[in-house]
Amino acid sequence: MNPVAYNPTIKTLHWLMALLIIGLWVLGQVMGELPKGDFRGQVFGWHKELGVVILILVSLRLAWRLGAGVPALPDTMQGRERTAAHAGHILLYVLMILLPIDGILLSQSGGRAVMLAGWQLPTLIGKNEGLHEVFEAAHGIMAWGLAILLLGHVGAALRHHYILRDNVLTRMLPGRD
């Protein structure tokens, strides 16, 4: 089933997640440079909590996408471009799921809890310095991979809007059908 336009709920989730992901990425780049202390601990807590929120939102979005379908790509998109669009979306979803999971495991393997709205998430892994280093490296690689992929996603949307002049971008804009 392929709707003609994105549902307003999906559009809202898309733009909310875009803002959260950009904010989390920026926060992730600066939080390690903060001086040790309470404020730094709070920033790390916010980063982890918002990462869990992203995991919940992407799960809802993916369930909606699988159930309701998405608008078909324009007929003018053929071959490699169509394949790249599908592969890009799959990679975006994979990274939006794996990054928060890795972040949870990163915190827990470092002996730190992950909270959401005052509730502690179940402990999936105990403190383990070796695994902590693996999760930390993976988190950085995936964060940069997601940033690069998102730049490509934005670039492709702008190309469709300004060069190809099709509806790929406008069908995701708020208030548009």
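Tutor: Helices and strands here are DSSP runs, numbered from the N terminus: a helix is a run of H or I with at least four residues, a strand a run of E with at least two. The model is predicted, so local features need pLDDT of at least 70 and side-chain atom pairs pLDDT 80 or more, while totals for chains, interfaces and linings use all residues. Residues are numbered from 1 along each chain as its sequence is written, and side-chain values use heavy atoms, without hydrogens or water.

The segment after α4 contains R165. R165 is not a glycine, yet its phi is positive, at about 55°. Most residues other than glycine have a negative phi. R165 has a relative accessible area of 66% and is therefore exposed (buried is under 20%, exposed over 50%, partly exposed in between, with a 1.4 Å probe and protein chains only). A117, also not a glycine, has a positive phi near 55°. A117 sits in the loop between β1 (115-116) and β2 (119-120) and is exposed at 60% relative accessibility.

Rings of Phe, Tyr and Trp (its six-membered ring) pair if their centres lie within 6.5 Å; planes under 30 degrees apart are stacked, over 60 edge-to-face, and the rest tilted. There are 2 aromatic pairs in the structure. W25 and W144 are edge-to-face, 4.9 Å centre to centre with 90° between the planes. Because W25 lies in helix α1 (residues 8-30) and W144 in helix α4 (residues 129-162), the pair ties together parts 119 residues apart in sequence. W25 is partly exposed at 27%, and W144 is partly exposed at 45%. F39 and W46 also pair edge-to-face, at 6.1 Å and 80°; W46 is partly exposed at 44%.
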